[in-house]
Amino acid sequence: TLQRCGELSRESVLRFCSGVSKALMSAAVLNVLTASEEAEMPAACVRVQREFLEHVGVEADFGCEALSRVPAQFGDDVEVMRAFKGFTLACQLCVQKAAMLRGG
């Protein structure tokens with residue numbers, strides 16, 4: 001059953017951030033993004049994130065909302081914030097790298 005309420009646990013945040021960062025920069029995801037229209041790349045990136053949330057046991061809509069609270073909830077936790085920053089950076093970099101790969 002997927003988590004749909006409350007707050008994300010530290011372990012869930014770390015598992016999500018680490019896994020989705022790797023997934024976003026993987027050849028498979030970059031190939032999908034490269035084959036997408038440039039305007040569709042960010043939405044494709046978000047679909048990967050939503051699917052990965054459910055992969056780690058968190059309902060996608062709830063998880064997206066809960067992720068927005070991570071800095072407030074874990075702001076003093078260096079490990080979580082480093083992982084969260086890596087996740088946000090991977091979101092930006094995967095779209096930029098895909099655009100570069102397709103010559104855009």
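Student: What makes Phe 16, Phe 52, Phe 84 and Phe 87 one aromatic cluster?

Tutor: Those four residues form one aromatic cluster, and a search of the whole structure finds three aromatic pairs. Rings of Phe, Tyr and Trp (its six-membered ring) pair if their centres lie within 6.5 Å; planes under 30 degrees apart are stacked, over 60 edge-to-face, the rest tilted. Keep the source in mind: this is a predicted model, in which local features need pLDDT of at least 70, side-chain atom pairs count only at pLDDT 80 or more, and totals for chains, interfaces and linings use all residues. Residues are numbered from 1 along each chain as its sequence is written, and side-chain values use heavy atoms, with hydrogens and water left out.

Student: Why is Cys 94 called buried, and what is Cys 64 called?

Tutor: Buried means under 20% relative accessible area, exposed over 50%, partly exposed in between (1.4 Å probe, protein chains only). Cys 94 has 0%, so it is buried. Cys 64 has 34%, so it is partly exposed.

Student: How do you know that the span of helix H1 agrees with its number of residues?

Tutor: Helices are DSSP runs (H or I, at least four residues), numbered from the N terminus. The expected span is 1.5 Å times one less than the number of residues. H1 has 15 residues (10-24) and should span 21 Å; its end C-alpha atoms are 21 Å apart, so the values agree.

Student: What makes Arg 69 and Glu 7 a salt bridge?

Tutor: The term needs a side-chain nitrogen of Lys or Arg within 4 Å of a carboxyl oxygen of Asp or Glu. Here the closest N and O atoms are 3.1 Å apart. Arg 69 lies in the loop between H4 and H5 and Glu 7 in the segment before H1, so the pair ties together parts 62 residues apart in sequence.

Student: What makes Glu 7, Glu 65 and Arg 69 one network?

Tutor: Glu 65 also meets Arg 69 in a salt bridge, at 3.2 Å, N to O. Salt bridges that share partners join Glu 7, Glu 65 and Arg 69.

Terms used. Helix = DSSP H or I, 4+ residues; strand = E, 2+ residues; numbered from the N terminus.
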